[in-house]
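Trainee: I would like a close look at the aromatic ring pairs in this model. Please take me through them in one connected account.

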Amino acid sequence: MSIDVGAALIDEEPVFLPVGQEVNDSIGQYRSFLDQPGICVASLDHSTRVIEANLEFTRQFGRSLADIRGRAFCELLHPSVRDKMGQQFTRLTDHHRARFEERVLAVRPDHTVLGGELTGLALHGEAGYVESIMVLVRPDREQRDDLLIGRKKLLSTMEARVIEGVAAGVSTVQLASMLYLSRGGVEYHVTTLLRKMKASNRPALVSKAYSMGIFRLGSWPPRVLPEFVK
């Protein structure tokens, strides 16, 4: 049975692999699709480890094929999106859906961030089990320099707690009580955060923090990722 990737991407129909075909050979079945310019494509096994990838994937992600083979795909991603992406892959392997689309942020070895639109597609064997997952990433045109990570810890522990409270809409008085600070102490940390994040007010501060990937996506109340805390 042939693989109609295009139809699956549109119709969300299961994609089946030929009987007896090895997972790491599946990428050859859609080689012409892999070679489309500007699209990063990788084949993952059932545990979402990278089996194969096209040249555009290695170029955009800034890694050699030898470096990414065998690695968990989520290890290549920005910390803020790993949990959510893992949940999406679990839904594929558990047969809850045939495909998904999600915003993705990947971290290159030089700590720059690649943003784009990711499509995940489950490839099924004849028995109906998910044999592998195809991942397609359409990179953004513009580089996200505001998402540089890994070079320094941005926030102190107290600053992290303060910005979490601000993002959750907690008042200064409530935040002071929760963190055992005076109102002036809370305002001092907020002012420091505004200056550090180059934001003009509290709403701008929260927006900037989300845009930089400081908060874990999909969590409430907001939580700062440990990678950003000193």
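Mentor: Tyr210 counts as partly exposed, because its relative accessibility of 33% falls between the 20% and 50% cut-offs. The model is a predicted one. A pair of aromatic rings is described by two values, the distance of the centres and the angle of the planes. For Tyr210 and Phe215 the centres lie 4.7 Å apart and the planes meet at 50 degrees, so the pair is tilted.

The whole structure holds five aromatic pairs. Another of them joins Phe57 and Phe73, with ring centres 6.4 Å apart and planes at 45 degrees, so this pair is tilted as well. The centre distance is within the 6.5 Å cut-off, which means that the two rings count as a pair. Phe57 sits in helix H3 (residues 55-61), while Phe73 sits in the loop between helix H4 (65-68) and helix H5 (79-93); the pair therefore ties together parts that are 16 residues apart in sequence. Both Phe57 and Phe73 are buried. These two residues also belong to a cluster linked by ring pairs, together with Phe61, Phe89 and Phe100.

As for the setting, the protein has nine helices and six strands. Of its 230 residues, 50% count as buried. Among contacts with a separation of 6 or more, 53% are between residues 24 or more positions apart. The accessible surface comes to about 11,500 Å², and carbon and sulfur atoms account for 51% of that surface.

Key:
Residues are numbered from 1 along each chain as its sequence is written. This is a predicted model: local features need pLDDT of at least 70, side-chain atom pairs count only at pLDDT 80 or more; totals for chains, interfaces and linings use all residues. Side-chain values use heavy atoms; hydrogens and water are left out. Helices (H or I, at least four residues) and strands (E, at least two) are DSSP runs, numbered from the N terminus. Buried means under 20% relative accessible area, exposed over 50%, partly exposed in between (1.4 Å probe, protein chains only). Contact means heavy atoms within 4.5 Å. Accessible areas come from the Shrake-Rupley method with a 1.4 Å probe; for residues, only the protein chains shown count as cover. Rings of Phe, Tyr and Trp (its six-membered ring) pair if their centres lie within 6.5 Å; planes under 30 degrees apart count as stacked, over 60 as edge-to-face and the rest as tilted.
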